[in-house]
Amino acid sequence: MGTFESKGAMRRTAPPEASVMNGTEGKYSKLKALQALIGSLFSGKSDAGESLGNEENKTFWKKQKSKIQYSIYKVLLVTLYLVYGCYRYCQYEWNKMKIRMLNIIYNPSNTPQLIRQDVTKLEKIPKRLAAILEMKSESHVGGGSQGLMNDGSEIVCWTVSAGIKHLVLYDYDGVLKKNVQDFRKDIRNKLSKYFGTSHIPKYAVRIPHLNKIYFNDKDSSSTENHKVAIEISLLSNRDGRETIVDLTRTMADLCASKELKLGDITMSLVDKELVHLVGPEPDLLLYFGPCLDLQGFPPWHIRLTELHWEEDNHDVIYSVFIRGLQKYATCKINVGK
Amino acid sequence: MKLPNVFRSRFVDYATRRNKSTKLNAITNYLVEKSKLYIVWLQELKISIKLYQKLQNICIAVLSTGPVPEHVSFIMDGNRRYAKKSGLVVKKGHEAGGLTLLSLCYACKKIGVSCVSAYAFSIENFNRSPQEVDILMTLFGSKLDEFAKRAVNFQDPLYGSRLRIVGDISLVSKDLKTKIENAEEVTKDGKDFTLYICFPYTSRNDIFHAMCDLIAKCQNQTLESKNLTIPLLTEDMYLDNFSNKCDLLIRTSGHMRLSDYMLWQVHENADIVFTSTLWPDFDFTKLYVMILKWSFFTTLQRYSERGVTLKDRILFNTPFINRSRPIGPSSVYDSLPKPPIAMSITGETDS
């Protein structure tokens, strides 16, 4: 495979809630949380954050707090934290229970007919679906790149069964892209589980960044019938901000060599180029984590996308998928109005 | 036992409730009406307003001792639905929304948030009816003047804030343009708090405009195209040095999409909160709980990022906490309980 991304060059920073709720087992336990909260009592403002400007401005209506006042407030804050933590814990348990119930209600059990039945009840389905996948740590059940590919191919099967023609799979590090050969095999195996080995729906895997398309399981050289049941695009963080900068660079070069005038650059041109480089905007974005975290999904492409995730859910499960579709069916999009 | 109507009203529909008028109901109704009067009277008393403000100030002071978000952003959605719900004209709904924004700005400023941005008008909003666009424009103009006046009045809580109107200014009328320039000029010295009003703004437009700027710079030879980087592009965006990141994005009225707002800022490392409250109903307590939540999780996150410091180690080596408890993930295999004794049929055990 080509060398297109330096592995793990950047560590992703997740937003606070997502990073805490998503933390692997043992990283955030109840005891740890308690330690952190009580620890925060003794940590001064200086290492609590770089929130600027609080010390400097002493307008006359905003008096500086004295030491005692400060510590009283700090204690009160930690009490509030504790109360909130208890509340959040109850909420967590409640959500978990809800997800368990949903799992019982919506169970596809590898049957495309059941999935199609669920979908036909809906008024409309999205034209393009996107999903953010996350690699769990190797030690976890269903973790590592194998687990990621398994999840990805599972979503492919659901999408095919639902009758959606385009699917975007995003993972931050581009693991799916790197292991595209294995992933294609995985998709094939999963699809044969759903549809039987002799009638596997045709699929195409696209990597926009490398400008490559793979048809089915065979090599891309076979140019037979290219009508496919599903087109899968694999994206990673590389397709986000960096691609936009790349595009700017190319346009600047073109302008410098007088092939393009500055006045010719319009929104629609940029949009066209980005659709070409990354793909069109998805209609529905599913996230299979506990708390919405877009993880650097291409910013240009989430303009009007509906977002769906199930709170405190950690796994790639069918109920998130079908509930996302149900929500999409009822939502109404009115640009600007 | 029969419950008085007031309490049953939640379970029984309106029509059947009306028909039954027992003595008990009459008494309770009377009491409720009376107490309502007292409540209104209490609310109107100066002392209760003062008490409420005192309480609010204490709440703010408590929160500001912990970590606070640097950049909070609002998508102010639901003004029209609010007007419809409470039987007002559309204009009143927008006015209520404007008031909410100002009061929340005040709260944010006191909590220690250094930047608030709000989505006031999208470029797509020009698709609305001309009357409504007109209403929004005039309302915006008057709010602008009000804010500018308050930001320079040193007795006002909003004193010392900077106001910036960002977006595609070329789309607004000339009259409003001078107003905007005026307001920005008057408040430009404010340091501790910045309010960005995104007025004719879409995030795609923002990205596009930054791209164009950079390309123009390359053409003027002030910048070489191979030196283009993400931070450079970010710098050129409308929100100055807050363009890179938005800590907390709040969208009201229940839609689960970003609607072309803050895409660049929010697509990574940002908490996005959706709430079904309509914007004019979004008050201090709701904002407070959201920031508290953010602060809570940030405390936990920072703690684990810092690792266990010496201070913490001393603190937690106190007798009542089990010292031998390993910190960090342990394998599942080790954590399983001990199996029963293994014994073969010949009776040998491996002890």
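Here are some notes on the domain and chain interfaces in this predicted model.

1. Ground rules first. Local features need pLDDT of at least 70 and side-chain atom pairs pLDDT 80 or more, while totals for chains, interfaces and linings use all residues. Side-chain values use heavy atoms, with hydrogens and water left out.

2. Chain A carries domain 1 (29-105) and domain 2 (115-240 + 278-330), with bounds from an automatic or database domain assignment. Eight residues of domain 1 of chain A touch eight of domain 2 of chain A (contact: heavy atoms within 4.5 Å). Between them these domains bury about 740 Å², 49% of it on carbon and sulfur atoms; buried area is the accessible area (1.4 Å probe) that two parts lose on being put together, summed over both.

3. That domain pair has one salt bridge (a side-chain nitrogen of Lys or Arg within 4 Å of a carboxyl oxygen of Asp or Glu). A:Arg88 pairs with A:Asp312 in a salt bridge, closest N and O atoms 3.2 Å apart.

4. Now the chain interface: 82 residues of chain B are in contact with 91 of chain A. About 7,800 Å² is buried between the two chains, 65% of it on carbon and sulfur atoms. B:Arg204, B:Arg257 and B:His267 supply 10% of the area that chain B buries against chain A, more than any other three residues.

5. Six salt bridges cross between chain B and chain A. Have a look at B:Arg257 again: its side chain forms a salt bridge with that of A:Glu306, at 2.7 Å from N to O.

Definitions and conventions
Residues are numbered from 1 along each chain as its sequence is written. Chains are lettered from A and ligands numbered from 1 in the order in which they are written.
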